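Here are some notes on this model, written as numbered points. Have the coordinates open while you go through them.

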Amino acid sequence: MAVRSSSRRPFAWTEKKLDKDVMPDKRQLAVTLQRVCRHLIVTTPEGLTPTHPTQAQAARYLNVSETTLTRYLQGQRVPPEATATHLFDTACKDAGDSRNFGMTREAFLELRARAEQERCANCSRHRDAVHAAGQKLRALQDTNERLERSAEEQARELGELRQRVTTLKQETQRVKAAQPIPVSEAGPRKVPTAARSATLLPVPRRQGDRQQSKNGALAARDVGRRAEALLHASRPDSTLALLRHTAEACTPLEVALLVALLRAQGQDELTANLVHIYARDRNDHEVVRAALVLHEQQAIADAEALLRTAATHPGSALSRTEGSEPPM
């Protein structure tokens, strides 16, 4: 014969079994809530007061859902402070005195606060992992910002270098346009290879050579100032690029004057690099002309270094491109 529901103990639904993994403070709070709920005098919307109220009736009476009330009583969830205060005050009113609970409201709320702050081992590990991930993310963001700033600075330096090279090319073209053409160089620029090999020495000085020397000295001083500025700024790559462009764009007279100027300023390493680049990349005729000017400037060692380097690179890449052959 089935047992009637009226034969069950009142508030039997409050006797919840707690899982083994429920933490101590949460377990104590759940047990306390079960005991507090047994003092409720549940009133239905119809005004009735059943002696064996169900959990659903108690949940409606406390203005919470039945599922939420189950989680409170099983220690699976900690009620918010306002909900816990309402539940305790309601049970205290129904019981007539809080002394029936064996604890005050302040002690009950303190227990609720401890249960809320209680963290399991998994929660601690997850919290530490989240903290470590946040630190790593911030470090990556800082690194990314530094890389972006470095890229912007390099792009700015590259733009400045390109602008300086363009300015130097324009000045070189202006200086070349201002130079008078010697009579010996008038006429077609293309001459047979044999003729070029036979006329390695420069033509004698004429009336316009003083103006050429003045223009060449101005160009040399300008390049020298730029090279010195790059060296002071600790930009060796930019300095080397400037020397290569100078060796390509300047005349033998301008290069010889620049070598003498850099040597006088004590820029020995820079001077040696310029001599090597010019002797390697220019044709033999231009190298000999530059060496002659250096000899006239009493820069005997640099003139010899220019010729010796050219001897190890006969003809140069530029001469081979133009179709000339190394001198025999």
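1. First, the burial scale used throughout: a residue counts as buried under 20% relative accessible area, exposed over 50%, and partly exposed in between (1.4 Å probe, protein chains only). On that scale Q34 is buried, with a relative accessible area of 7%. Bear in mind that this is a predicted model, where local features need pLDDT of at least 70, side-chain atom pairs count only at pLDDT 80 or more, and totals for chains, interfaces and linings use all residues. Residues are numbered from 1 along each chain as its sequence is written, and side-chain values use heavy atoms, with hydrogens and water left out.

2. Where does Q34 sit? Its place is in helix α1, residues 24–37 (helices, H or I with at least four residues, and strands, E with at least two, are DSSP runs numbered from the N terminus). Leaving aside residues up to four places away in sequence, Q34 touches T14, E15, K16, L18 and L73; contact here means heavy atoms within 4.5 Å.

3. Staying with α1, its buried residues are K26, L29, A30, T32, L33, Q34, V36 and C37. What do they pack against? The partners are α3 (66–73), α4 (81–95) and α5. The helix geometry checks out too: with 14 residues at 1.5 Å a residue, α1 should span 20 Å, and its end C-alpha atoms are 20 Å apart, which agrees. The expected span is 1.5 Å times one less than the number of residues.

4. On to the charged pairs. How many salt bridges does the structure hold? There are 10, a salt bridge being a side-chain nitrogen of Lys or Arg within 4 Å of a carboxyl oxygen of Asp or Glu. D25, E110 and R114 are linked in a network of such bridges.

5. D94 and K93 form a salt bridge, N to O at 3.2 Å.

6. E116 is partly exposed, at 43%, whereas R112 is buried at 5%.

7. The bridge between D302 and R263 has its closest N and O atoms 2.6 Å apart. D302 lies in helix α13 (residues 300–312) and R263 in helix α10 (residues 252–264), so this pair ties together parts that are 39 residues apart in sequence. D302 is buried at 7% relative accessibility, and R263 is partly exposed at 33%.

8. Last, the rings. The structure holds 2 aromatic pairs. For F11 and W13, the ring centres are 5.8 Å apart and the planes stand at 55°, so the pair is tilted. F11 is buried at 10%, and W13 is buried at 12%. The criteria: rings of Phe, Tyr and Trp (its six-membered ring) pair if their centres lie within 6.5 Å, and planes under 30 degrees apart count as stacked, over 60 as edge-to-face and the rest as tilted.

9. Is the pair of F88 and F108 stacked or tilted? With centres 5.1 Å apart and planes at 25°, the F88 and F108 rings are stacked. This pair links distant parts of the chain, F88 in helix α4 and F108 in helix α5, 20 residues apart. F88 is buried at 2% relative accessibility, and F108 is buried at 0%.
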